[in-house]
Amino acid sequence: MKEPIDLINKKKKQKNDKAKVKSISLLKEEKDMIVKNIEEHEKYIKSICENLLVKILSKNFSLIPRDAIYVIKFSVLLLKLRTPYFNFVGLIGYLLKEILPCILCCTEKESHNFGIFFLELFKILKHWQNKTNWEKECDKTPGFDINIVKVSKKTISLKDLDSIIKTLNKRILNVVKICLTSQRSWR
């Protein structure tokens, strides 16, 4: 009698093991599909935010001063809404890399709009330099994520923001210095 019970238990165990293996493989396939869908969704949202940012920043400076203010107000709104993949640190990086060199070859009207834009930008950055405002409005938000490319849920600190502001100030001053010392600009 003992052998058939052992045999039945062995068959049950084999059947359970097969079911377990099949379940695990199905879950792995499903997990891979879920991860793939999440990654595609992340790429889609990220590309929308990047394209929106590039279009707004690149095109609107040549229009009217109100557009320069709109760019900052819209960016702050995206931050307040905690929009995923809208990274304010990335915005400042984009400004340093792409927009500042454009100042060297812009018209008087465009330079006026740049001035208004940077005035509004520095107003909001100064507001955030207050520790209370930083903790209330910026700390732990996606807009201040350390990783610009992918959301890491680790945000920059207030000290990091101060460093970013200093870098932005230095770069703007260097561009202004180049403009003022250029022979071509005074002719």
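Tutor: Happy to! Let's start with asparagine 133, which lies in helix H5. Keep in mind that this is a predicted model. Asparagine 133 counts as buried because its relative accessible area is 18%, and the cut-off for buried is under 20%. Its side chain reaches the backbone oxygen of histidine 127 at 3.0 Å. Leaving aside neighbours within four places in sequence, asparagine 133 is in contact with His127, Trp128 and Cys138.

Now widen the view to the whole helix. H5 spans residues 131-138, and its buried residues are Asn133, Trp134 and Cys138. These residues cover an arc of only 100° around the axis, so they sit on the same side of H5. The face turned away from that buried side carries the exposed residues Lys131, Thr132 and Lys136. As for what covers the buried residues, helix H4 (108-128) and helix H6 (158-181) are included.

Both ends of the helix deserve a look too. At the start of H5, a side-chain oxygen of asparagine 130 comes to within 2.8 Å of the backbone nitrogen of threonine 132. Just after H5, lysine 140 takes a positive phi of about 65°.

Not counting residues up to four places away in sequence, phenylalanine 144 touches Trp134 and Cys138, and its other contacts include Leu79, Phe88, Trp128 and Leu161.

That brings us to the largest nonpolar core, which has 36 residues. Phe88, Phe118, Leu121, Leu125, Trp128, Phe144 and Leu161 are the members that touch the most others. At least two residues of this core come from each of helix H2 (65-80), helix H3 (88-103), H4, H5 and H6. H3 gives the most, with ten residues. In soluble globular proteins, nonpolar side chains tend to be buried together.

Finally, a stop in H3, where glycine 93 is found. Glycine 93 counts as partly exposed because its relative accessibility is 32%, and that class runs between the 20% and 50% cut-offs. Glycine 93 and isoleucine 164 are 71 residues apart in sequence, yet their C-alpha atoms are 9.0 Å apart in space.

Note on methods
Residues are numbered from 1 along each chain as its sequence is written. This is a predicted model: local features need pLDDT of at least 70, side-chain atom pairs count only at pLDDT 80 or more; totals for chains, interfaces and linings use all residues. Side-chain values use heavy atoms; hydrogens and water are left out. Buried means under 20% relative accessible area, exposed over 50%, partly exposed in between (1.4 Å probe, protein chains only). Helices (H or I, at least four residues) and strands (E, at least two) are DSSP runs, numbered from the N terminus. The arc is that of the directions from the helix axis to the C-beta atoms. Contact means heavy atoms within 4.5 Å. A polar contact is a pair of N or O atoms within 3.5 Å; within protein, one must be able to donate a hydrogen and the other to accept it, and residues adjacent in sequence count only if both atoms are side-chain atoms. A nonpolar core is a set of buried Ala, Val, Leu, Ile, Met, Phe, Trp, Tyr and Cys residues joined through side-chain atoms within 4.5 Å.
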